[in-house]
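Work through the exercises below with the model open. Try each task before you read its solution.

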Amino acid sequence: MFPGCIDFDSLPWQSPLPGARFKAYREGSQQIRLLEFSSEFVEPDWCEKGHVGFVLEGTLEVDFKAHVVTYPAGSGIFIPSGAGAAHKGRSITPVVRLVLVEEV
């Protein structure tokens with residue numbers, strides 16, 4: 001693999017929870033993930049990590065406790081880190097695929 005070129009086809013899928021899987025490439029303190037959520041995915045805890053990304057396919061809904069935002073395919077995502085931006089995501093289509101860049 002050349003620097004800057006990520007071959008997601010060669011990376012293994014990881015499945016941390018039912019209805020969720022991802023492929024991740026890490027370099028230093030950052031990672032890029034190709035994620036796939038099905039409608040059966042339920043996020044158990046509020047996430048306080050920051051995410052920057054793009055929805056490739058489907059529609060993602062993110063609950064920010066008091067406010068819900070819908071991200072259809074083609075939408076950019078910018079979620080800052082911290083308790084004030086705590087969130088839970090879910091797919092409101094059978095499948096949602098997205099790319100996220102995150103600190104690790």
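Predicted model: local features only at pLDDT ≥ 70, side-chain atom pairs only at ≥ 80, totals over all residues.

**Exercise 1.** Find how strand 1 and strand 2 run, and how many bridges join them.

Solution. Locate strand 1 at residues 14-17 and strand 2 at residues 20-27. The two strands run antiparallel. They are joined by 2 bridges. Now take glutamine 14: its opposite residue in strand 2 is phenylalanine 22. Last, look at the turn. The hairpin has 2 residues between the strands. Glycine 19 in this hairpin takes a positive phi near 85°.

**Exercise 2.** Decide whether glycine 28 is buried or exposed.

Solution. Start with its place: glycine 28 is in the loop between strand 2 and strand 3 (30-38). Its relative accessible area is 71%. Exposed means over 50%. Therefore glycine 28 counts as exposed. As a further step, go to alanine 86, 58 residues apart from glycine 28 along the chain. Their C-alpha atoms are separated by 25 Å.

**Exercise 3.** Classify the aromatic pair of phenylalanine 37 and phenylalanine 41.

Solution. The structure holds 1 aromatic pair. In this pair, phenylalanine 37 and phenylalanine 41 lie 4.5 Å centre to centre. The angle between the planes is 15°. Planes under 30 degrees apart count as stacked, so the pair is stacked. Both phenylalanine 37 and phenylalanine 41 are buried.

**Exercise 4.** Which rings have arginine 21 and arginine 33 over their faces?

Solution. Take arginine 21 to begin. It lies over the face of tryptophan 13, at 3.7 Å from the ring centre. Then take arginine 33. It lies over the face of phenylalanine 22, at 5.1 Å from the ring centre.

How values were computed:
Residues numbered from 1 in each chain as written. Heavy atoms only, no water. Pairing = 2+ DSSP bridges. Helix = DSSP H or I, 4+ residues; strand = E, 2+ residues; numbered from the N terminus. Buried < 20%, exposed > 50% of the residue type's maximum accessible area, 1.4 Å probe, protein only. Phe/Tyr/Trp six-rings, centres within 6.5 Å; stacked < 30°, edge-to-face > 60°. Lys NZ or Arg CZ within 6 Å of the ring centre and 35° of its normal.
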